[in-house]
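I opened this entry to keep a record of what I looked up in the model. The notes follow the order in which I went through it.

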Amino acid sequence: MYVEMKHINKTFDGFQASRDVSFGVEKGHLAALLGPSGSGKTTILRMIAGLDRPDEGDILIDGKRVNDLPGSKRGIGFVFQNYALFRYMTVADNIAFGLEVQKKRKGEIKSRVEELLELISMKDLGKRFPHQLSGGQRQRVAFARALAPNPQLLLLDEPFAAIDAKVRRELRTWLREMIGRVGVTSIFVTHDQEEAMEVADQVILTNLGRVEQVGTPEEICLSPQTDFVREFIDAKRFEALMGIEKEEA
Amino acid sequence: MKKEEDLEKNINPDAVGDGIHSIQKVIEPPKHASRPIVKYILIAVSALFLLVMLVIPLIVALVNALGDGWAAYKEAVLDEYTLKALALTLLATVSAVLVNTVFGMFAAYLLSKFYFRGRQALATLIDIPFSISPVIAGLVFILTFGNIGWMGDFLKAHDIKIVFAVPGVILATIFVTFPFVFRELFPVMNAQGNDEEEAAALMGAGGFTIFRRITFPHIKWALLYGVILCTARAMGEFGAVSVISGHLRGKTNTLPLHVEILYNEFNTTAAFAASSILVILAALVLIARNIVEWKRK
Ligand SMILES: Nc1ncnc2c1ncn2[C@@H]1O[C@H](COP(=O)(O)OP(=O)(O)OP(=O)(O)O)[C@@H](O)[C@H]1O
Ligand SMILES: [Mg+2]
């Protein structure tokens with residue numbers, strides 16, 4: 001297991017946002033944190049990133065307990081729900097920021113930025129500012145910025161939430177492909193089951209701060225273990241989805 | 001049909017922004033909307049109002065200041081006490097701007113980036129100088145730091161003089177201009193949220209780097225605007241300073257106080273000459289303010 005959460009509890013002002021959360025994600029896998037709004041998905045992601053501290057339990061990354069390690073030392077890249085691009089910096093400067101902070105050499109930074117701009121097919125847009133980009137382009141910049149310092153673990157909070165339905169489908173196929181190509185272990189948050197089922201190797205289903213079930217999309221859809229999972233997952237839609245994929249293949 | 005098109009053209013899609021600055025952009029009136037006569041009446045009324053309230057008094061001030069000739073004006077302006085008053089006004093203004101800029105930034109940062117109990121109460125407290133009469137503020141300072149005051153014995157024992165002394169003048173100026181920088185910064189910082197800063201911190205940026213590269217570019221125009229408002233108010237402050245200064249000529253007199261004293265002594269030329277310095281300073285601030293507003297877009 002590359003990432004492991006062990007019996008995590010987290011309370012905000014008396015409200016318990018995580019209840020005995022345990023799960024693991026294998027190296028190189030893409031996992032989806034799926035659940036209704038307010039079920040504690042963002043909270044889990046923020047604790048892995050070191051933006052929030054769990055009250056109890058252990059967080060392990062690559063076998064090491066990281067509870068006391070600041071987020072910047074955990075080797076992670078984070079894509080925020082609204083991307084949080086630095087609005088007063090160009091696209092290129094956004095991507096370069098993490099490398100500059102690490103005091104990398106100028107030439108090295110430049111070539112890495114160019115490489116990433118190419119990866120996200122935005123070679124000519126490096127001089128633009130975030131507000132001059134479309135939603136999909138912003139999303140790709142956020143992705144490139146998170147990848148720039150070569151993180152071992154990529155965390156994405158609702159990466160497609162701000163994008164309209166048509167483009168969303170394209171973009172998630174793109175993201176799936178990119179993550180596969182880079183080979184980085186990734187966890188993304190979503191409340192859209194179709195999204196989770198379509199791109200993830202593994203789904204972690206949350207409800208009311210608890211983990212309801214962990215498994216492959218097939219396992220969750222075909223053998224739901226709790227009433228909540230049974231109700232939340234629309235098996236028919238899943239079968240239709242899989243059917244479409246078979247035809248395409 | 002045609003009218004609708006015109007209307008659409010006049011709504012600037014870029015003009016989503018904060019406060020007053022975007023208003024100028026959004027409400028660009030449609031060209032054929034109202035009859036020209038209404039427009040001219042409104043212009044005439046505004047112009048007349050400005051003429052009576054602003055232009056004529058300013059001209060009168062300048063005419064009076066130069067009424068006894070250029071030499072007399074120069075003498076009045078270069079008078080020892082006038083220069084001392086000017087120096088104290090500048091000292092108090094610079095102090096107020098420095099203190100309130102630092103304080104305003106810390107307070108805006110605290111209230112926009114952290115959530116805690118009493119946050120709202122603190123924001124309201126900071127606004128008190130806006131709602132309280134400056135004269136009362138001055139009296140409160142006398143009651144706190146004066147001889148009979150709450151801290152009087154302590155200050156006396158340590159030989160610190162605040163009331164009827166320069167520190168009191170500075171303190172009063174700081175007090176009345178307290179909220180300006182905070183008021184300008186707070187909405188801007190609040191709207192920015194924490195995400196960009198968190199993102200930078202996650203990449204390993206330190207507090208100073210985060211401030212310099214992410215927070216500051218975002219707030220710089222608001223900050224400058226707050227500083228300018230603060231400067232304008234500090235230079236013109238009369239009430240609070242008047243109560244706490246004791247009007248000691250050449251010691252605790254600021255320019256506005258000095259003008260009043262000269263005027264009360266029927267020394268009209270000198271009074272208006274001293275006023276003209278304030279008018280010039282105000283004009284400079286006004287120009288700076290317009291530049292900032294324009295740069296801010
Ligand atoms: N900083 C905080 N202070 C207080 N309560 C919080 C805080 N962060 C989260 N919560 C609460 O914890 C619960 C879980 O929040 P979280 O953001 O993890 O949900 P989520 O699953 O990401 O929801 P969504 O899909 O709407 O983003 C919510 O009820 C929320 O109100
Ligand atoms: Mg969330």
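**Interface of chains A and B**

I began with charges across the interface of chain B and chain A, where the rule finds 3 salt bridges (a side-chain nitrogen of Lys or Arg within 4 Å of a carboxyl oxygen of Asp or Glu). I noted one salt bridge between the side chains of R87(A) and E196(B), at 2.9 Å from N to O. Helices here are DSSP runs of H or I with at least four residues, strands are runs of E with at least two, and both are numbered from the N terminus. The largest share, 7 residues, comes from α12(B). By residue class, the side of chain B that touches chain A divides into 8 nonpolar, 4 polar and 4 charged. In that scheme Ala, Val, Leu, Ile, Met, Phe, Trp, Tyr, Cys and Pro are nonpolar, Asp, Glu, Lys and Arg are charged, and the others, Gly among them, are polar.

Conventions, for the record: this is a predicted model, in which local features need pLDDT of at least 70 and side-chain atom pairs count only at pLDDT 80 or more, while totals for chains, interfaces and linings use all residues. Residues are numbered from 1 along each chain as its sequence is written, chains are lettered from A and ligands numbered from 1 in the order in which they are written, and side-chain values use heavy atoms, with hydrogens and water left out.

I then looked up the extent of the interface. I find 16 residues of chain B in contact with 20 residues of chain A, contact meaning heavy atoms within 4.5 Å. The area buried between the two chains is about 1,700 Å², and carbon and sulfur atoms give 63% of it. Buried area is the accessible area (1.4 Å probe) that two parts lose on being put together, summed over both. In chain B, L202(B), M203(B) and R213(B) lose the most area to chain A, together 43% of what that side buries.

**R46(A)**

I located R46(A) in helix α1 (residues 41–49) of chain A. Is R46(A) buried or exposed? R46(A) has a relative accessible area of 19% and is buried; buried means under 20%, exposed over 50%, and partly exposed in between (1.4 Å probe, protein chains only). Leaving aside neighbours within four places in sequence, R46(A) is in contact with L51(A), D52(A) and E198(B).

**Chain B as a whole**

I counted out the secondary structure of chain B as 16 helices and 0 strands. Of its 297 residues, 40% count as buried. Among contacts in chain B between residues at least 6 apart in sequence, 70% join residues at least 24 apart.

From α5 of chain B I picked T82(B), which counts as buried at 2% relative accessibility. Beyond neighbours within four places in sequence, its contacts include A76(B) and V77(B).

In α6 (residues 119–126) of chain B, R119(B), A123(B) and I126(B) are buried. Their arc, seen down the axis of α6(B), is within 60 degrees, so these residues line one face of the helix. On the other side of α6(B), I list Q120(B) and L125(B) as exposed. The buried residues of α6(B) pack against α5, α7 (128–131) and α11 (179–192) of chain B.

R183(B) is found in α11 of chain B and is partly exposed, with a relative accessible area of 28%. Leaving aside neighbours within four places in sequence, I find R183(B) in contact with A123(B), D127(B) and F130(B).

Note on methods:
Arc of directions from axis to C-beta.
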